Amino acid sequence: MRLVSHFKFLFAIVAAVSSVVAQAGEPPTEPMLRFDLGEHTATVRRFASDAEGHYLVTASDDKTAKVWSLSETDLHSDSHLQNTFRTPIGINNEGKLNAVAISPDSNIVALGGWTQFNNGSKTPSNDGHSIYLFDRASGHLLRRLTGLQNVINSLDFSPDGRTLAVGLGKSGIRLFSIADGRLHAQDQDYGAASYSVQFNTDGTRLVTSCDDGNLRLYSWNGQSLNLLERRSAPGGREPSNARFSPDDTLIAVGFDDTPAVNVLDATNLSFLYAPDTTGVNASLGRVTWTENGLSAAGKAQRKFDYDGEGFIYLRQWQGDTAKDIPVTQNTIVDLLALSNGLLAYSSMGSSWGLLDNQGKGRRRHHPVIADFRAMYENFTLSADGTQVRFGYEYGGKSSVVFDISRRQFLPDDTSNLKPPIFKQPIFALSKLSVTDWDQTTVPKFNGTTLQLEPYERSFSMAMQSDGNGFALGASWTLRVFDRNGSQIWVQLTPAETWAVNVSKDGRWIVAAYGDGTIRWHRASDGVEQLAFFPHADRKRWIIWTPEGYYDASPGAENLIGWHLNQGKDKEARFIPSGQLYDVFFRPDIVQAKFRGEDISSMITITAAQALKMPPPVLSFTRMPSTTKQNMEKVCYKAVATGGGIGEVRLFQNGKLIKSDGFYRESVAKVDRSIKLAAMDSATVTRALKLTKTAQNSEPPMVSNSKGNEYSECQEIETIPGDNEISVAAFNANNTIQSALETTHFTADRKAEAPHLYVLGIGINKYQSSENNLTYAVKDAADFRSMIQDKAKGLFDAANIHIEGLSDAAATKAGIQQAITAISAKVKPWDSFILFVASHGYLQGNQYYIVTSDFDGAIDTTKMISSNEIVGMSKNIKSLSQLLIFYTCHAGGVDNIIGGLYDARMSVMAKKMGLHIYASAGSTQTALDGYQGNGLFTHALLGSMKNNTTDSNYDSEVSVAELGERAKLETMTISTKLGFPQSPNIINFGKDNALFRVK
């Protein structure tokens with residue numbers, strides 16, 4: 001089954017009518033979830049570069065434009081991406097960017113495309129389409145040029161930067177003044193869409209191409225536009241790009257309907273010659289002049305002996321010599337020669353790159369989303385929809401299985417996964433035949449055409465296992481039909497529906513989309529319940545609910561975010577989901593949503609509600625560049641942007657050193673007659689829900705309100721060398737954190753030898769003996785012994801301070817006193833490790849460590865809360881802290897509790913900017929012990945002994961390396977025992993060495 005691709009077809013798509021309500025001509029006001037992957041997630045339609053070749057701007061179907069630095073220093077670094085422009089966007093095609101231009105001085109970027117807002121309708125809105133003029137450096141929207149009654153396909157600045165030429169769909173060209181936005185000139189006598197406009201090098205002439213088969217050549221004197229020639233070129237009926245040669249004597253034109261390229265006289269469009277295209281088997285619609293001559297590319301594909309794959313070739317001509325260069329595997333959409341000698345190309349999908357003048361790749365931007373095209377029978381599903389198998393590459397290649405309930409990838413096993421059903425089950429009672437559904441505009445049910453939207457194509461189909469209906473995926477809709485072919489429901493989709501499957505239990509319609517997501521739709525009405533995005537790096541993933549609550553692998557929380565339109569005349573805002581982490585990272589809610597439970601009692605606010613109160617912006621008002629002082633004052637200011645100011649957090653080298661916020665304590669108490677030892681899954685779950693019901697509609701985090709502007713200064717102890725100072729602030733209800741504002745200064749002071757402080761706590765015996773444990777005291781003692789031995793290679797023996805508390809000494813007061821004593825000694829350059837083996841408990845927004853004075857009933861005065869742990873960490877000045885919690889009851893009794901535990905531990909680690917190992921076992925049985933220790937402690941000690949834990953071979957084992965190795969060992973052993981246990985290893989802030997490998 002061959003995938004059909006035609007870029008003019010995609011340009012010409014007419015959006016489906018939506019049920020989303022918005023005033024005609026105005027962008028939607030509701031927040032929209034979008035990706036933020038550092039790369040484009042859809043086809044790059046057009047390039048533009050400034051006169052000196054300093055910058056390249058890309059405009060994409062993903063509704064963003066990006067500015068890239070082309071300097072040699074930045075080309076292969078993170079500084080390559082300079083800025084992202086976010087225009088107002090709407091539903092379906094509204095906001096897709098087809099055209100871009102940058103002023104010769106690089107200061108202004110012009111963007112256009114599907115830039116009208118009319119609820120997705122093809123009917124022009126009252127003020128038509130717009131062109132957006134952005135400041136390149138700041139990303140701010142400067143001006144909007146309006147009144148264009150068709151989609152914008154092409155843009156070009158005049159060489160003096162004063163005029164912008166615009167090529168439109170079906171209504172000709174326009175020339176606008178940049179200074180005041182005034183319409184200078186126009187030509188509406190076009191019979192079809194114009195896809196190319198270009199000034200010559202001195203700005204006196206302009207050439208355009210049009211699907212009416214004609215090229216047009218104009219003269220331009222800065223005030224008036226005069227048509228000099230209108231001719232058809234002999235190479236084809238659909239001229240695409242038309243480009244002046246560097247000396248302005250020639251014009252090259254490529255065609256979308258033939259493999260021809262024509263070279264014309266730039267004074268009168270007369271035909272001069274056709275470069276040799278022998279062997280080219282498809283169109284070469286994109287042409288550009290390089291310093292080596294003429295280049296062309298498009299759909300032409302020839303086999304290239306590289307792993308048996310077919311490649312799209314770029315053909316270059318130097319005089320009479322033609323050379324072919326393999327570039328990419330998809331149709332080339334745009335081609336642009338840059339003044340610095342580089343050649344930019346983009347292809348269907350989201351890949352693009354830069355070639356040097358020899359055709360060698362200088363920078364390739366590979367897709368960051370999975371390619372779900374042509375998966376067909378390789379898109380398989382478990383009977384209950386819990387497990388889904390998909391491929392990262394075209395055709396379902398590089399397949400993996402993801403399990404929602406386990407929150408992880410599994411080995412690629414198809415034994416219990418079923419492919420979509422394409423033919424009617426034998427036992428079905430009624431005749432059901434769906435044909436012509438693969439990449440056509442006329443899918444049929446029992447020979448009768450099923451109605452799609454105009455220009456829409458169907459790409460996927462799956463029948464129900466009982467033969468009573470089927471699902472049909474298309475360009476921008478997902479539909480379900482009954483066994484008579486009557487449509488039951490239709491849902492708008494985020495992109496093409498490349499694959500679809502129906503769970504055997506009939507509960508889910510699961511679809512894989514062109515935006516790289518897999519989404520679970522309720523089979524009864526099609527309403528989306530969950531969306532899953534697996535990053536193309538094959539490691540990170542994120543799942544979210546429509547309410548904005550999400551679960552994510554480490555480091556994946558910022559892969560998505562919320563796009564907020566601010567009207568048509570202002571750039572849109574973007575809030576990464578990581579800024580909602582403290583409140584919206586909720587694996588337990590994701591699990592409950594998948595199970596079909598009512599989650600209203602589990603949440604206090606939706607993302608849409610929270611985003612109505614934007615976070616403040618921050619700036620430093622006092623910060624030294626260098627200092628010789630041991631103590632230094634840093635000052636900062638927060639300014640509200642409409643949502644007030646809540647908690648403010650100050651970090652030094654990634655570790656929290658000041659804040660005034662805390663999680664609200666639980667207001668619903670568990671019945672004191674219920675003993676901790678008697679708490680099974682149902683009891684704990686019920687207690688959690690009661691607590692949340694009592695807290696409903698109250699912000700989960702609390703801090704002092706600070707009005708609309710807040711300033712403060714903080715004395716901090718400097719550390720020798722680099723000091724990274726960061727500040728973040730929340731909105732007034734503490735639901736959204738601002739972007740982290742970070743700066744650095746250098747302290748020129750003598751380095752002191754670092755110390756290591758370890759407090760190992762183990763509790764076997766409690767006041768309530770029915771809660772006693774077996775291995776906790778030994779676990780703590782063994783860890784203290786091991787770390788004292790291992791740390792000698794990194795710390796002087798005299799600088800290693802090991803303390804322990806066990807049983808009767810490990811009361812809440814005893815633990816607090818021990819930590820207070822340590823905090824009086826620790827310096828910022830020292831390291832601190834806290835190891836706790838005990839019981840743990842969840843209640844409301846708090847995680848608690850159970851202390852030895854615990855008498856069996858739930859009483860928070862006999863426990864140490866998350867708030868208290870954060871307070872202790874702030875008081876300990878060490879910038880390298882590791883907290884190890886080996887506690888049962890805390891997580892893993894079932895999915896809802898395990899997910900909430902993960903959320904609480906992750907939020908606590910992020911808030912403090914440090915590292916946590918949390919042994920959240922999936923069953924208590926796995927915690928009973930293994931070879932003389934608790935299972936996680938056994939794995940941790942074994943990992944400390946194993947030199948292979950040094951995964952980067954730098955002769956040191958870091959906090960992150962030890963955690964990941966201990967997690968892997970725990971999972972391996974527990975799986976063999978039949979009690980899977982997956983510790984939660986959470987790393988925030990800087991990774992630091994724990995010990996050297998001997």
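1. Let's start with Cys713: its relative accessible area is 42%, so this residue is partly exposed. Here buried means under 20% relative accessible area, exposed over 50%, and partly exposed in between (1.4 Å probe, protein chains only). Cys635, at 6% relative accessibility, counts as buried.

2. A word on the source: this is a predicted model, where local features need pLDDT of at least 70, side-chain atom pairs count only at pLDDT 80 or more, and totals for chains, interfaces and linings use all residues. Residues are numbered from 1 along each chain as its sequence is written, and side-chain values use heavy atoms, with hydrogens and water left out.

3. How many disulfides does the structure hold? There is one disulfide (a pair of cysteine sulfur atoms within 2.5 Å). Cys635 and Cys713 form it, with their sulfur atoms 2.0 Å apart. The pair links distant parts of the chain, 78 residues apart: Cys635 lies in strand 52 (residues 631-639) and Cys713 in strand 57 (residues 709-717). Because the torsion about the S-S bond of Cys635 and Cys713 is about 110°, the disulfide is right-handed.

4. Now for helix 6 (residues 776-790). Helices (H or I, at least four residues) and strands (E, at least two) are DSSP runs, numbered from the N terminus. At 1.5 Å a residue, the 15 residues of helix 6 should span 21 Å, and the end C-alpha atoms are 21 Å apart, which agrees. The expected span is 1.5 Å times one less than the number of residues. Among the buried residues of helix 6 are Ala776, Phe783 and Ile787.
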